[in-house]
Amino acid sequence: MTIVQGDISDTSLNHWMQTADKIIRNMERLAVVNFSNRQKFAIDLFSHLVPAIYRIKYKMPLSNVMIDQIKESHEELFELTKSALYQLEEEMKTVIPEDEVGYFTILFGGQIAHQTHTEKISNYRGIIVCPNGISSSLIMSAELKKLFPTIEFKGIYLVSEVSQLSDAEYDMIFTSAPIASPKKGYQICPLLTTKEKNQLLHEVQHDFLIPGLVVPSINEIVEIILDHVDLRKGITKEKLLRTVTNKVMKEVRGMKEDGPMLNEILDKDTVQVSDEKLDWEEAIALSAKPLVNNGSIEKKYIEAMINKVKEFGAFIHIGEGVALPHARPEDGVNKLGMSLLKMKEPVFLLDDEKHPIRIFICLAAVDNEMHLRALSDLTKILSHKEKLQCLLEAKTQTELLKIINEGVI
């Protein structure tokens, strides 16, 4: 059970299917994203959750060879994922190992990236064949989907299953083991180096994406550059290659640069303190006022945030005394923004004493990714009891800004 995928038909595991759904909802709440086709994603998460539970329960760790890379390259998503897994920690009464958090980060990152590109047209269909286990297939799938966002990946298969597929179902095959197939195949390692990613991208581009046109590989581009420049001290060819590759990958995926830090969008113009006696709707409206003033949102966005709470309940209550009101980008967001309102006296969300709020943090997100860095910084503060208490006890804008600035260092 520590290595096989969870079986959705096993009724003895129904409780963990519900847990998978709760973890997804936690992530939606903390990262302010809305996963499309949540039911299918819950099944995918459940398939990984079950063996992870048995590994954790019986102390049979599965080493994650990518953990350092995940924490460095996707720090924000890693921190948000770790927070979203609190439901699992409570049920298992233990801390989730970082290696396991890394695997869940891959799952959530892949889902967010997939949603970012759902409107892109897929010209080709690929399948992934990996006989080495769940961890390898997860890593391979995540890497390939990032490298080739315009390719529709039909799924992950065992070697024995490929022969049962019709040739019309896929155009290319990516595999970690030799396999006979009438279609174009690429044998790769689950964990690709920068050089291997570069080479694979070049090969697939040549074979499918731009037929008849050979574009220089990143490695060839770097070699040309090195003939004309002197590298600064501490800069190696490998580091330059990695930097150029990361930049090109972002352009290929249509991704934006990393989003702003929390202290870059919460400043003296967007942080307020109020001793007014307000109801919860008035408090949300006041918290959003700086975003209206700086053009981040339109006034209709305020109404949308309030209506979301009326429709879905107190889901914006994300921690002790803290609420994160937000709505959809299409509800009136012009640009990424965040504002904070600290109330002297608690405001009861939906007039329910179970939800006393003293801090309203209004978020205006433009997509599923640009705000993750700021939310990761916020999560670090809220998950630290002493910092959260300081935030709740702060009486002035200066005190709040000091806590925010210290919290992201």
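What order do the strands of the open sheet have?

1. Some background comes before the answer. This is a predicted model, where local features need pLDDT of at least 70, side-chain atom pairs count only at pLDDT 80 or more, and totals for chains, interfaces and linings use all residues. Residues are numbered from 1 along each chain as its sequence is written, and side-chain values use heavy atoms, leaving out hydrogens and water.

2. The four strands of the open sheet follow the order β2-β1-β3-β4, with parallel pairing. Strands (E, at least two residues) and helices (H or I, at least four) are DSSP runs, numbered from the N terminus; two strands pair if DSSP finds at least two bridges between them. At the edges are β2 (151-157) and β4 (184-187), each pairing on one side only.

3. Look next at β1 (residues 124-129), which five bridges join to β2 in a parallel run. Arg-125 stands opposite Glu-152 in β2.

4. Now try a helix: α2 (residues 38-57) has 20 residues and should span 28 Å at 1.5 Å a residue, and its end C-alpha atoms, 27 Å apart, agree with that. The expected span is 1.5 Å times one less than the number of residues. Just after α2, Lys-59 takes a positive phi of about 50°.

5. Finally, meet a helix pair. In α4, Glu-75, Glu-76, Leu-77, Glu-79, Leu-80 and Ser-83 meet Leu-372, Arg-373, Leu-375, Ser-376, Thr-379 and Lys-380 in α15, where contact means heavy atoms within 4.5 Å.
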